[in-house]
Amino acid sequence: MSDATEGWFDSREILIGGDWIPAARTLPVEDPSDGTQIGEIPRGSADEVDRAVTAARAAMEGAWGQTPAAERGRILARIGRRVAEHAETLARLEARDVGKPLSQARNDALALARYMEFYAGAADKLMGETIPYLPGYTVYTLREPLGVTGHIIPWNYPMQVLGRSVGASLAAGNACVLKPAEEASLTALAFARIAVEAGLPAGALNVVPGLGEEAGAALAAHPGVAHLSFTGSFCVGQSVQAAAAANAVPVTLELGGKSPQIVFADADLDAALPFLVNAGIQNAGQTCSAASRILVARPRFDEVAAAMAARYRSLRVGPALADHDLGPMISARQKQIVAGYLAAAPEAEVLARGTIVEDAPEGGHYLAPHLLAGLAPGHRLEREEIFGPVQLLIPFEDEAEAVAIANGPGLGLVAGIWTADGARQMWMARAIRAGQVFLNNYGAGGGVELPFGGTGRSGHGREKGFEALYGFTQLKTVAARHG
Ligand code: NAD
């Protein structure tokens, strides 16, 4: 590690109003690859959240609020460049912190840089419009920042979720209070150091790590917050929305998924295969948009099962820095949850498993990926998000049945449809309930430019792309009567 990044593992300070404040209390940081403690992070309190919100408000009323849109863009661009320069260090931090294989962590660091680049370019292109109205009137709209935005993010893609949420909010001119997940705060703190060094005015970004029920709940309920962006589980999302309702502020909820990929009989299986498997095992299946259900037209079911099983048998699970196909699960608890799901389906046919490498440390939270079939329709494993490396193969007879199965669980983040039939592509894209539909590809989460979000129990609101910017503004209509 370079001198500049010395100490990033052991980051016990909270960023409030441009100052790094030593935490009164801390939480240990575990390396999921071997179970050892690698550092400490702050355990932020409600009082520190309150101070962070006050500092963000002051930034809106001070230098940050006066910063022209083009200059906001330049600052974000500088942050993005520095993130890219530090990508390797950020990737190693993330790999140690959350057990993500190094190349996947590298991808996340570069995605964070790309979010900054994208929103840097968008900052001064956020415009209102003029509206034809009555004679003697000129009417126009202004897109104004909301004020202080709260960002509560999960541990599975800390850098990507931070980038899409904080990047869009800053570009739109808001000041942010970020509460990273207690299991994964190191890259958020490192990002904040980079942002401050790159010239982000004091208070525009404040970072208060800590426990969900303490710092997270305090941020969700804070009356000084004008918008909440929450990414995480359904139950916590409900409580965040309830807390926001008490202050009548808008919430973006990015929740879990049970995303399907649907393989029709005319699909190009060679093209589909890498997407079918990778979208299930990426980040050890701890991906909101993981393709945890693979629906296959019955005539091709055995062929798809055999091809996926062969790939599964070649999968290796091991320490994050060794960069195998899969790293460990984030925690002993998460491993236990996934093992519980496997135990709840003893009747499942295990088509194939991956292999945990022999030199995987004993204390790591390793779980071999499982490819399952043969569950009764509507089985619990087919309905609930497992959030681990478990994929289910499900046969279907026709389009109508495929749609019914795909939409069945009532979660709708992403779907993939594999067919050569153009009319079927169009029909299916409309029939599937999901925030994103990929035709003959699958982009777990997709690119930074592509609006992303849920339907049904997967949440509401959109992040990524320009759509996210609109969500971080409020529209003011100005009607001038001039005769
Ligand atoms: P989680 O809901 O347990 O935690 C998410 C965040 O909420 C953390 O920062 C946590 O500290 C905080 N939190 C916990 N309790 C809180 C409370 N009472 N009040 C306020 N904040 C609180 O989720 P997780 O286990 O970190 O993440 C996994 C879940 O996130 C999965 O369901 C996954 O599908 C979902 N997810 C969704 C997306 C998406 O874009 N839709 C992306 C990533 C993860």
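Author: Start with the link across the boundary. Across the interface of domain 1 and domain 2, the rule finds 1 salt bridge. R114 forms a salt bridge with E449. Their closest N and O atoms are 2.8 Å apart. Keep in mind that this is a predicted model.

Which elements supply the side of domain 1 that touches domain 2? Two elements give two or more residues to that side: α4 (87–98) and α5 (102–122). The largest share comes from α5, with 7 residues. By kind, the residues on this side of domain 1 divide into 11 nonpolar, 6 polar and 9 charged.

Now step back to the two domains themselves. The domain assignment of the protein gives domain 1 as 6–255 and domain 2 as 260–449. The contact takes 26 residues from domain 1. It takes 26 residues from domain 2 as well. The C-alpha centres of the two domains lie 30 Å apart.

Next comes area. The size of an interface is often given as the accessible area lost when the parts come together. Here domain 1 and domain 2 bury about 2100 Å² between them. Of that, 56% is on carbon and sulfur atoms. Which residues of domain 1 lose the most area to domain 2? They are S33, W155 and Y157. Together they account for 24% of what that side buries.

W155 leads on to the ligand. An N or O atom in the side chain of W155 is 3.0 Å from an oxygen atom of the ligand. A polar backbone atom of G232 is 3.2 Å from an oxygen atom of the ligand. A polar backbone atom of L255 is 2.7 Å from a nitrogen atom of the ligand. Around the ligand there are 28 residues. Those that come nearest are R164, K179, E182, S233 and E385.

One last look goes beyond the boundary. The structure holds 24 salt bridges. In one of them, the side chains of R193 and E13 meet, with 2.9 Å from N to O. This pair links distant parts of the chain, 180 residues apart. R193 sits in helix α7 (residues 186–197), and E13 sits in strand β1 (residues 13–16).

Methods. Residues are numbered from 1 along each chain as its sequence is written. This is a predicted model: local features need pLDDT of at least 70, side-chain atom pairs count only at pLDDT 80 or more; totals for chains, interfaces and linings use all residues. Side-chain values use heavy atoms; hydrogens and water are left out. Domain bounds come from an automatic or database domain assignment. Contact means heavy atoms within 4.5 Å. Buried area is the accessible area (1.4 Å probe) that two parts lose on being put together, summed over both. A salt bridge is a side-chain nitrogen of Lys or Arg within 4 Å of a carboxyl oxygen of Asp or Glu. Helices (H or I, at least four residues) and strands (E, at least two) are DSSP runs, numbered from the N terminus. Ala, Val, Leu, Ile, Met, Phe, Trp, Tyr, Cys and Pro count as nonpolar, Asp, Glu, Lys and Arg as charged, and the others, Gly among them, as polar. A residue is near a molecule or strand if one of its heavy atoms lies within 4 Å of it. A polar contact is a pair of N or O atoms within 3.5 Å; within protein, one must be able to donate a hydrogen and the other to accept it, and residues adjacent in sequence count only if both atoms are side-chain atoms.
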